[in-house]
Amino acid sequence: MIMSSSKTLMELFQPAKRLKVCETPASKNTISSICHSTTGDHNIADRTGTDSPSTLTVEQKTRIEFNKSLAKSKRNLRICTERVSKSKAEGVDYVKLEDLLVEQTWLEALPGELQKPYAKSLCKFVEREMHGSVPIYPPPHLIFNALNTTPFDRVKAVIIGQDPYHGPGQAMGLSFSVPEGIKVPSSLVNIFKELQKDLGCSVPSHGNLERWAVQGVLLLNTVLTVRKHQVNSHAKKGWEPFTDAVIRTISEKKSGVVFLLWGNSAQEKSKLIDQSKHHILKAAHPSGLSANRGFFGCRHFSQTNQILEKLGILPIDWQL
């Protein structure tokens, strides 16, 4: 399916590129303080496992963190793929939904969530749909891709989407992201335009955002499956309580996370977030219909990095 024609985490790793951080004087000072101050170095060392952080550049520290996260993501993807393959070999058309969330940190952060009555009904619904005649997107091994790629303990920022893309080969379990080789949707084109204006990032030739997810950007749709060519066909079937639980758990059990809420639907989730210990950035949705009404010029990418840097956390390399 997607894996046969598009690059996934198994093929993602490549040498780290120049870190795209805010280029304002204030940000440069912040980066300098992170690299050289005792407190900043200590915080980053805790997150990277580096013994002598003062000798490393921000790019080197980012590379260390990226490698660790990439290895775990590859393992999780392999487990999901093997489970799907095993089911097919046994003549079963679907895998139990609960068996596709394999990232241990999320299982620990959401204990028993998929065993609750609403979730059991959701699982039965999705399993019936996977067994049906209409294709369901994303493919089974990628349904929980956002959580399996971005462990709970590595979440730095959250970008909330809505429905998965409903065209063949588009959905990959990460909000706004499409596999390489698939036409970049208009919303993502506008995201790249804002990135270029905000941080000077070059516009990539593809729309695969896995590199962001591996660095700690949780790309979470509020609904994780959809029928082919049927927008919102899996809305109000149980996904919303589950993804609300994900957002609420981040809010309750973590601190200093940056939530990027684009559009009214995403901004409704702000009620789930404790704003006394997290950071919320709001803007219009990047779709072609609304990008000119407040998304362009929001500078959320540089703002996210500035917030992370002030907290002594490695910023995101937004360049794809």
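Are R154 and E65 buried or exposed? Both R154 and E65 are buried, where buried stands for under 20% relative accessible area and exposed for over 50%, with partly exposed in between (1.4 Å probe, protein chains only). The model is predicted, so that local features need pLDDT of at least 70 and side-chain atom pairs count only at pLDDT 80 or more, while totals for chains, interfaces and linings use all residues. Residues are numbered from 1 along each chain as its sequence is written, and side-chain values use heavy atoms, with hydrogens and water left out.

**View 1. The salt bridge of R154 with E65.** The closest N and O atoms of R154 and E65 are 3.5 Å apart, a salt bridge being a side-chain nitrogen of Lys or Arg within 4 Å of a carboxyl oxygen of Asp or Glu. Because R154 lies in the loop between α8 (145–149) and β2 (157–161) and E65 in helix α5 (residues 58–89), the pair ties together parts that are 89 residues apart in sequence; helices (H or I, at least four residues) and strands (E, at least two) are DSSP runs, numbered from the N terminus.

**View 2. The salt bridge of D317 with R211.** In this pair the closest N and O atoms are 3.8 Å apart, and the link joins D317, in the segment after α13 (300–310), to R211 in helix α10 (residues 210–214), 106 residues apart. D317 is buried at a relative accessible area of 1%, and R211 counts as buried at 5%.

**View 3. The salt bridge of D244 with K269.** Here the closest N and O atoms are 2.7 Å apart, and both D244 and K269 are buried.
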